[in-house]
Amino acid sequence: MSVSIKSTREIELMKEAGRLLEITHKEMEKALKPGMSTMDINRIGEEVIRSYGCIPSFLNYNGYPASICVSVNDEVVHGIPDKNHIIREGDIVSLDAGLIYKGYHSDAARTHAVGEVSPEAKKLMEVTKQSFFEGIKFAKAGHHLHEISAAIGAYAESFGYGVVRDLVGHGIGTHLHEDPQIPNFAQRRRGIRLVPGMTLAIEPMINAGTWKVAWLDDDWTVVTEDGSLSAHYENTVLITDGEPEILTLSEA
């Protein structure tokens, strides 16, 4: 395993990539409303990314046909935008986006409530987001990678939720997916020791029911096996000498 340690210059580029992605997410969140299609959201996200002279990380990545992954309700991740998939009041919508700024990637995901959603949906979104913050308490130099994994999983599972095991977080930099892999559940081994300059995409994917998932016939869209709701929360995180720096979130 080769984990890249970013130089001061690279960190500056990663920070700008993160800042621009945060703006992209805020613009998509503002636009999200009942009656629009998942393709509409994809178009808005791509337009914002390109307006800053950046490239969407996901477009044509391993053949993925869009710039934003738009996953609704029981869709966990990698939902393909579709002009016929209309977003409705009460849906929860996960938006996963990445961009390339001067050769460096950022990656972040948010799950949003569309209008009034059920208390169950609201709680799932809150717990998924908080599980990320529980994990990054250990995203510090000297700690081991899987302390992050264990903390995320323990928090989510304490609510009876299923922590997706087939998909994990990852390192990030000049490539969208770099070493190391970052599971969201406890591991037998401690994993690598964290050092300053590592940049990690940490992304809990949490299901209201079983952790088990299935792939749709499009070979991309991942859904919960039991049809339960799923939420996704992700940020690009920099390991420093002190507290971790969240590059895709300016205010927690």
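## Two packed helices

Helix H3 (residues 119-135) packs against helix H4 (residues 145-157) at an angle of about 150°, and their axes lie 8 Å apart; H3 is therefore roughly antiparallel to H4, a term used for angles over 145 degrees. Axes here are lines fitted to C-alpha atoms, for helices over the stretch in contact, and angles run from 0 to 180 degrees between N-to-C directions, while helices (H or I, at least four residues) and strands (E, at least two) are DSSP runs numbered from the N terminus.

On the H3 side the contact (heavy atoms within 4.5 Å) is made by Val127, Gln130, Ser131, Glu134 and Gly135, and on the H4 side by Ile148, Ala151, Ile152, Tyr155 and Ala156.

## How the model is read

This is a predicted model, in which local features need pLDDT of at least 70 and side-chain atom pairs count only at pLDDT 80 or more, whereas totals for chains, interfaces and linings use all residues. Residues are numbered from 1 along each chain as its sequence is written, and side-chain values use heavy atoms, with hydrogens and water left out.

## The nonpolar cores

A nonpolar core is a set of buried Ala, Val, Leu, Ile, Met, Phe, Trp, Tyr and Cys residues joined through side-chain atoms within 4.5 Å, where buried means under 20% relative accessible area (1.4 Å probe, protein chains only). The largest such core has 35 residues, of which Met28, Leu32, Ile41, Ile87, Val93, Leu99 and Tyr101 touch the most other members. Helix H1 (8-31) and strand S4 (92-101) are among the elements that give two or more residues to this core, and H1 gives the most, with eight residues.

Leaving aside its neighbours within four places in sequence, Ile41 is in contact with Met28, Leu32, Met36, Ile68, Val70, Ile87 and Leu95. A second, separate core of 17 residues includes Phe132, Leu194, Leu200 and Leu249.

How values were computed. Angles under 35 degrees count as roughly parallel, over 145 as roughly antiparallel, 65 to 115 as roughly perpendicular and the rest as oblique. Buried means under 20% relative accessible area, exposed over 50%, partly exposed in between (1.4 Å probe, protein chains only).
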